[in-house]
Amino acid sequence: NYALWGIEKAGPTFIKLMQWATTRHDLFPPEFISRFSALQDNTRGHSWEETSKMLEESMGSNFDALLDFQVEDDGDKEGID
């Protein structure tokens, strides 16, 4: 459980890496795949506020001028083009 927690705390890039790794039965042992396959469906999400804060910290306060976001009808930012 600590390993899963650590990957989730490391962020979305590491979660995506582990999701990929658990599909590679030719590269990783069954114990590894079994443990980390929980990241396929059971990851902790985070809010747009958390994402916005991370983007601002890494790219500056005008990050939204640098990126093109798609906005859903309810006003939530959906993704980056």
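Me: What percentage of the 81 residues in the protein do buried residues make up?

Reply: Happy to start there. This is a predicted model, and in it buried residues make up 20% of the 81 residues. The protein exposes about 6,200 Å², and carbon and sulfur atoms supply 52% of that area.

Me: How many helices and strands are there in the protein, and which pattern does it follow along the sequence?

Reply: There are five helices and two strands. As for contacts with a separation of 6 or more, 25% of them join residues 24 or more positions apart.

Me: Let's take helix 1. Which of its residues are buried?

Reply: First, the general idea. An α-helix has 3.6 residues a turn, so residues three or four places apart point the same way. Now the case here: Leu4, Ile7 and Glu8 are the buried residues of helix 1. Looking down the axis of helix 1, you find its buried residues within an arc of 100°, so they line one face. The face turned away from that buried side carries the exposed residues Tyr2 and Lys9.

Me: What covers the buried residues of helix 1?

Reply: The cover includes helix 2 and helix 3. Just after helix 1 comes glycine 11, with a positive phi of about 115°.

Me: And which residues of helix 2 are buried?

Reply: Helix 2 spans residues 12-21, and Ile15, Met18, Gln19 and Ala21 are buried in it. Down the axis of helix 2 these buried residues fall within an arc of 160°, so they too line one face of their helix. Pro12, Thr13 and Lys16 are exposed on the face turned away from the buried side of helix 2. As for partners, the buried residues of helix 2 pack against helix 1 (2-10) and helix 3 (30-36).

Me: Could we follow one of those buried residues? What is alanine 21 in contact with, leaving aside its neighbours within four places in sequence?

Reply: Alanine 21 is in contact with Phe28, Phe32 and Ile33. It counts as buried because its relative accessibility is 3%, under the 20% cut-off.

Me: Which residues make up the largest nonpolar core?

Reply: Six residues do: Leu4, Ile7, Ile15, Met18, Phe36 and Leu39. Helix 1 and helix 2 each supply at least two residues of this core.

Me: Which residues form a nonpolar patch on the surface?

Reply: Phe14, Leu17, Trp20 and Leu27 form that patch, and together they have about 410 Å² of accessible area. Take tryptophan 20 as an example. Its place is in helix 2, and tryptophan 20 is partly exposed, with a relative accessible area of 41%.

Me: Turning to charges, which residue forms a salt bridge with arginine 24?

Reply: The general idea is that side chains of opposite charge can pair when their charged atoms come close. In this model the count comes to one salt bridge. Aspartate 26 is the partner of arginine 24, and the closest N and O atoms are 2.5 Å apart.

Me: Is each of those two residues exposed, partly exposed or buried, and what is the relative accessibility?

Reply: Aspartate 26 counts as exposed at 56% relative accessibility, while arginine 24 counts as partly exposed at 26%.

Notes:
Residues numbered from 1 in each chain as written. Predicted model: local features only at pLDDT ≥ 70, side-chain atom pairs only at ≥ 80, totals over all residues. Heavy atoms only, no water. Helix = DSSP H or I, 4+ residues; strand = E, 2+ residues; numbered from the N terminus. Buried < 20%, exposed > 50% of the residue type's maximum accessible area, 1.4 Å probe, protein only. Contact = heavy atoms within 4.5 Å. Areas by Shrake-Rupley, 256 points an atom, 1.4 Å probe, with all protein chains shown as cover. Arc of directions from axis to C-beta. Core = buried A, V, L, I, M, F, W, Y, C linked by side-chain atoms within 4.5 Å. Patch = residues over 30% accessible without salt bridge, like charges linked within 9 Å, V, L, I, M, F, W, Y side chains within 5 Å. Salt bridge = Lys/Arg side-chain N within 4 Å of Asp/Glu carboxyl O.
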